[in-house]
Amino acid sequence: MSVVDTIAAAIDAGSYQPQHFLWSQSGKVATVTLNRPERKNPLTFDSYGELRDTFYALARSKSVKTVVVTGAGGNFCSGGDVHEIIGPLVKMQETGDMPGLLAFTRMTGDLVKAMRHCPQPIVAAVDGICAGAGAIIAMASDLRIGTVRTKTAFLFVRVGLAGADMGACNILPRIIGSGRAAELLYTGRSFSGEEGERWGFFNRLAEAETVLTEAQALAAELADGPTFAHGITKDCLHREWSMDIDSAIEAEAQAQAICMQTKDYGRAYRAFAAKQKPVFEGD
């Protein structure tokens, strides 16, 4: 059994205990909590890999219908750990280890691929510092709830790197527009929660004390919906980025015809006819 299969089995058995972040599940909603609050929840080589494997495994989970991602201790994520990631990468640079550097950047990109390809909607509950790879994780989520005190920065340029990291040049312009994305990726400056909401990066703002509960409530609302159809919506949002309009319309025609074959579609009709609220089961 592969690592991904083992994780998926543990998730559905209710026994999943990752080593590098916290995991909890309430009903159909799972919550991933980055948990190194003393350092604003930075990522390590191991946490990158375990997060990647977890999101790939979620595609095989039968019990989890939506996911919330958050950080402990009043911050979301400060990015890659300076000493545990950046230091070793600089040593690779000094020794000319291009294969090692490329292996790392591909691994980090695989985390975003896993998040975008898992069918469950992902809601990011973002408070405090959200920087570097942390900003990428928020960006790669489907929905984002921030706070007034959130400070988000795609700060790769500040450490001598391109803003082109983990799909940022592809995804960020689609959320906030090309001009705004270019400013953030060229300058590495931080933006506030209010600016992020105004630009469309955050779907809405919440109080710091309630941002996680509001994200979980939104995730629970989505989990009670037609979750098979949500997966189709997410897939179309992802695939249609590179399509012309005619191709997109045809893809959506096929996708919607598939959804019309689900039992949830019939449930919705019968509930409407009976003037009742439909109870979706995701099939």
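## Second largest cavity

The lining of the second largest cavity divides into eight nonpolar, no polar and no charged residues; Ala, Val, Leu, Ile, Met, Phe, Trp, Tyr, Cys and Pro count as nonpolar, Asp, Glu, Lys and Arg as charged, and the others, Gly among them, as polar. The lining residues are V32, L34, L51, F55, V69, L111, M115 and I137. A cavity is a set of points, on a 1 Å grid over the protein atoms alone, where a 1.4 Å probe fits but cannot get out, and lining residues have an atom within 4 Å of a point. This cavity has a volume of about 30 Å³, a volume being the space filled by probe spheres set on the points, which are joined across faces, edges and corners.

This is a predicted model, in which local features need pLDDT of at least 70, side-chain atom pairs count only at pLDDT 80 or more, and totals for chains, interfaces and linings use all residues. Residues are numbered from 1 along each chain as its sequence is written, and side-chain values use heavy atoms, with hydrogens and water left out.

## Largest cavity

There are two cavities of 30 Å³ or more. The largest has a volume of about 40 Å³ and is lined by H20, L34, N35, R36, N41, P42, L43 and S47. Its lining has three nonpolar, four polar and one charged residues.

## An enclosed helix

Helices are DSSP runs of H or I with at least four residues, strands are runs of E with at least two, and both are numbered from the N terminus. Eight of the eight residues of helix α5 (residues 133-140) are buried, so the helix is largely enclosed by the rest of the structure. Buried means under 20% relative accessible area, exposed over 50%, and partly exposed in between (1.4 Å probe, protein chains only). Among the buried residues of α5 are I136, I137 and M139.

## Salt bridges

The count comes to 18 salt bridges, each a side-chain nitrogen of Lys or Arg within 4 Å of a carboxyl oxygen of Asp or Glu. K28 pairs with D224, the closest N and O atoms being 3.1 Å apart. The two residues are 196 residues apart, K28 in the loop between β1 (22-26) and β2 and D224 in the loop between α9 (211-223) and α10 (227-239). K28 is partly exposed at 31%, and D224 is partly exposed at 47%.

E84 forms a salt bridge with R36, with 2.9 Å between the closest N and O atoms. R36 is buried at 18%, whereas E84 is partly exposed at 35%. R36, R39, D81 and E84 are linked in a network of salt bridges.

Notes
On a 1 Å grid over the protein atoms alone, a cavity is a set of points where a 1.4 Å probe fits but cannot get out, and a pocket is an open set with protein on both sides within 12 Å along at least five of seven lines; lining residues have an atom within 4 Å of a point.
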